[in-house]
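Colleague: I am new to this structure and would like to learn how to read its features. Please take me through them one at a time.

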Amino acid sequence: MKMTKEEKVFVTKADKGGATLILDNSAVVDCVKRDLASEKNFRKSELTVEEKMTEVRKVVVDKTLDLLDRGLVTEKDKKIITGLNQNNNLVHAPVFRPTIPYTYPLFKIHKLSVEQLRTKTIPPTRLVHATREGPLYRLEKWVKPYLTEVSRQYCEEEFLLDTPDLLENIKDLNSSNENTRHGDKLHLFTLDVIALYPSIDVELALQSLKVALEQSRLDSGTSTAVYEYTELILQNAFIGFQGDVFSGKIGIPTGNCVSRQVADNTLHHLLFDKVKPNMETLWSLITFWKRFIDDVLGLWRGSLRQFDLFIKRLNELAKPYGIQFGDHQIGKSVNFLDVTVYLDDQNQLQYKLFKKDTDARLYLKTTSFHPPHVFKSVVYSQMIRVIRRNSLDSTCVEDLQQLRADLARSGHTEEAMDELEPLAVQRAIEMDLYDNPPKKRESGNKVVFSVKYFKELKDLQALVNTIKPDIQQLCGDDIQVTFAIKKQPSISNIIVRNRAISESDSQNRDSKTQKCGSAGAKHVPSYLLPQIRSW
């Protein structure tokens, strides 16, 4: 902390890889300002933050009342989304007091070389549109379950939820023995969409949603409400940054509750309804195709020259819609998500754990201020992850050895790892055999010692453990004895959190609430007062 140039530092996670970055606060603010200054991507509003909050809030309320009059949503839906009761009066509860949407950068350290990291080069960034508790947040949460169901059904043939879902698809493909008849011609490939969220055309997204809803199991009334609400969300999204209001000119927000579902629908509609029909011959050379948001894994049974033609034609057809595929791999082995997938001698797909060069493999140090069970959980969960991401024992042993070395650097002992490794192996086997592995029963009865940290704390814990049989005799054999340890002094006055990046100095100093004369409310946000009075 003493080596930084600023009085405050910005601490955040990297875009990928699990690294933690500590940066000068002013450097982070400059990154955000530079991105927002792009007239191609962002539009600065003439409205104040309070005026924009009131405007968006009114749009949500008016749309909800309209859908209620048409019988497409219920009174309960209205209250969940807007906080209005049956008399259209605002319920005075904290959950219905929206906060200002903000933005913060995620730094793409995986785009840098190791040497660039050593010289502390500022990585490229992508801005996250954080809508949590904003004026559209409750509406997004209402729409999200419907959009999730619709997108998974619409994109079913290519949809990937996560790495475990990918591994299940690989196992199914291997069991079908489809690959054995293609010989040496078979290659794995990956594709990556360049900046998917900022590139999506809103009109194309809404067109895709309409097609997906028509093929969904939702009734017509719910489909109409979901469509109109999603249109409202995409057209009214905004962020506040240091007292100013910005909205995107192109793309969809990165970071709200429905971004992934909208992106999934849009890309599927583009690929399978617009692109594929115009390149059927080349597309027929694909024997396996799975997509995780903007990343594609597939199997190609043509030549490498034909694959180059496929990529060229794919980008030609997608370009009018603003979508382009950039980085791609093709060969007998490719890296996808957090695994390396490769073809063995029988053309069966195998996989092993993959880590980027910039992944430092840093784990929670055992000298940090955490309860003992937390350190066990780190070792246990990481071992399970390594075991499940290896299809062969030989690679699994190598990755476990590397993991143990990384954990040892963080202070984990060989004895602790030797104790937990057999348990992790057993758990991984159970997870592969059962959809819902049996869980260890835990007692709900606890005796909690709440203490403030002091140097002799371990001596106290040892003393309590000596009298644990007496405690169990008094309270029951299944009783758990735990310590709730209060942390040392906070450094929150030094650490700048994501939301604070977007706040101006006056916002940090001034109170965000204003007293209201209504008997039912102690404090309400100032930007809601005009609307409350009108109601």
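Modeller: Keep in mind that this is a predicted model.

Colleague: Which residues touch the most other members of the largest nonpolar core?

Modeller: In soluble globular proteins, nonpolar side chains tend to be buried together. Here the largest nonpolar core has 85 residues, and those touching the most other members are Leu191, Trp283, Trp289 and Phe310. There is also a second, separate core of 16 residues, with Tyr363, Ile387, Cys396 and Leu420 among them.

Colleague: Which residues make the nonpolar surface patch?

Modeller: Val425, Ile429, Leu433 and Tyr434 make a patch of about 390 Å². Tyr434 sits in the loop between α15 (414–433) and β15 (446–452). Its relative accessible area is 44%, so Tyr434 counts as partly exposed.

Colleague: How should I read a salt bridge, and how many are found in the whole structure?

Modeller: Side chains of opposite charge can pair when their charged atoms come close. The search of the whole structure finds 22 salt bridges. One of them joins the side chains of Glu316 and Arg313, at 3.4 Å from N to O. Glu316 and Arg313 are about one helical turn apart, because they are three residues apart in helix α12 (residues 304–318). Glu316 is partly exposed at 42% relative accessibility, and Arg313 is partly exposed at 32%.

Colleague: Where in the chain do Asp338 and Arg389 lie?

Modeller: The side chains of Asp338 and Arg389 form a salt bridge of 2.7 Å, N to O. Asp338 is in the loop between β12 (333–336) and β13 (339–343), and Arg389 is in the loop between α13 (372–388) and α14 (393–409), so the pair ties together parts 51 residues apart in sequence. Both Asp338 and Arg389 are buried.

Colleague: Which residues are linked in a network of salt bridges?

Modeller: Lys63, Asp66, Arg70 and Glu228 are linked in such a network.

Notes. Residues numbered from 1 in each chain as written. Predicted model: local features only at pLDDT ≥ 70, side-chain atom pairs only at ≥ 80, totals over all residues. Heavy atoms only, no water. Core = buried A, V, L, I, M, F, W, Y, C linked by side-chain atoms within 4.5 Å. Buried < 20%, exposed > 50% of the residue type's maximum accessible area, 1.4 Å probe, protein only. Patch = residues over 30% accessible without salt bridge, like charges linked within 9 Å, V, L, I, M, F, W, Y side chains within 5 Å. Areas by Shrake-Rupley, 256 points an atom, 1.4 Å probe, with all protein chains shown as cover. Salt bridge = Lys/Arg side-chain N within 4 Å of Asp/Glu carboxyl O. Helix = DSSP H or I, 4+ residues; strand = E, 2+ residues; numbered from the N terminus.
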